[in-house]
Amino acid sequence: MTGSDAAEAVDFEIIELLFFAYRDFTSDPDVILEKRGFGRAHHRVLHFVDREPGMTVADLLETLRITKQSLARVLKQLIDSGYIHQIAGPEDRRQRKLYTTKEGKTLARALAEPQSRRIAEAMEKTGPGARELVKRFLAGMKNAGDN
């Protein structure tokens, strides 16, 4: 493949649309998070703990594919701020199960609502069958073996 052939094989238009979509998709939650001194890592942790109450720290590490050290700081801030609480596992006291508090559920919802509205508006503009098509596309973008 020559240099110009390789350049033509790169789908710059879709790449740029994905960059802009991500920027705008995260913009509303970023404003809410910033007011609390939080960032996108806090958002991801809060989202997955809220969506799967009782998930363990090990499950969260696997889901987010981050190090224990990266998670520890973010999780501590969310716990200390009253958005997440942890409970020792019933069988293994070393295991920590994570749950959002009432305040955590409220914040998770406040972060998800503008994103959900943005998705709904885009789906409406796209037309019938858009949701299934978008789900297949996004699933295809994930690495094999991801949940």
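The model is predicted: local features need pLDDT of at least 70, side-chain atom pairs count only at pLDDT 80 or more, and totals for chains, interfaces and linings use all residues. Residues are numbered from 1 along each chain as its sequence is written, and side-chain values use heavy atoms, with hydrogens and water left out. The mean pLDDT (the predictor's confidence in each residue, from 0 to 100) is 92 for the protein, and 92% of its residues reach 70 or more. Helices (H or I, at least four residues) and strands (E, at least two) are DSSP runs, numbered from the N terminus.

**Confidence**

- Confidence is lowest in helix H1 (residues 3-9), where the mean is 64.
- Helix H3 has the highest confidence, at 98.

**Helix H2**

- Helix H2 covers residues 12-35, and its 24 residues reach 34 Å from the first C-alpha to the last.
- That span is close to the 34 Å expected at 1.5 Å a residue, the expected value being 1.5 Å times one less than the number of residues.
- At Ser27, H2 bends by about 40°, and the proline Pro29 follows within four residues; the bend at a residue is the angle between axes fitted to the seven residues ending there and the seven starting there.
- Thr26, Pro29 and Leu33 are buried in H2; buried means under 20% relative accessible area, exposed over 50%, and partly exposed in between, with a 1.4 Å probe and protein chains only.
- The buried residues of H2 pack against helix H3 (40-51) and helix H6 (102-126), where contact means heavy atoms within 4.5 Å.
- Asp30 also lies in H2, and counts as partly exposed at 22% relative accessibility.

**Helix H6**

- H6 has 25 residues and reaches 36 Å from its first C-alpha to its last, close to the 36 Å expected at 1.5 Å a residue.
- A kink of about 25° lies at Ala112 in H6, shortly before the proline Pro114.
- The buried residues of H6 are Gly104, Leu107, Ala108, Leu111, Pro114 and Gln115.
- Their cover includes H2, H3 and strand S3 (96-100).
- Arg109 is found in H6 and is exposed, with a relative accessible area of 56%.
- The C-alpha atoms of Arg109 and Leu46 are 10.0 Å apart in space, although these residues are 63 residues apart in sequence.
- Gly127 follows H6 and has a positive phi, near 105°.

**His43 in helix H3**

- His43 is found in helix H3 and counts as buried at 13% relative accessibility.
- Leaving aside its neighbours within four places in sequence, His43 is in contact with Pro29, Leu33, Leu111 and Gln115.
- Pro29 and Leu33 are among the buried residues of H2, while Leu111 and Gln115 are among those of H6.
- Asp30 and His43 are 13 residues apart in sequence and 8.7 Å apart in space, C-alpha to C-alpha.

**The largest pocket**

- The largest pocket holds about 2600 Å³ of space.
- Of the 45 residues that line the largest pocket, the closest to its centre are Phe25, His47, Gln115, Ile119 and Leu138.
- On a 1 Å grid over the protein atoms alone, a cavity is a set of points where a 1.4 Å probe fits but cannot get out, and a pocket is an open set with protein on both sides within 12 Å along at least five of seven lines; lining residues have an atom within 4 Å of a point.
- Grid points are joined across faces, edges and corners, and a volume is the space filled by probe spheres set on the points.
- H2, H3, helix H4 (57-64), H6 and helix H7 (130-141) each supply at least two residues of the lining.
- H6 gives the largest share of the lining, ten residues.

- Arg65 lies in the loop between H4 and helix H5 (68-80), and is exposed, with a relative accessible area of 55%.
- Although Arg65 is not a glycine, its phi is positive, at about 55°.
- Most residues other than glycine have a negative phi.
- Ile87 lies in strand S2 (residues 84-88) and is partly exposed, with a relative accessible area of 42%.
- Leaving aside its neighbours within four places in sequence, Ile87 is in contact with Gln95, Arg96, Lys97 and Tyr99.
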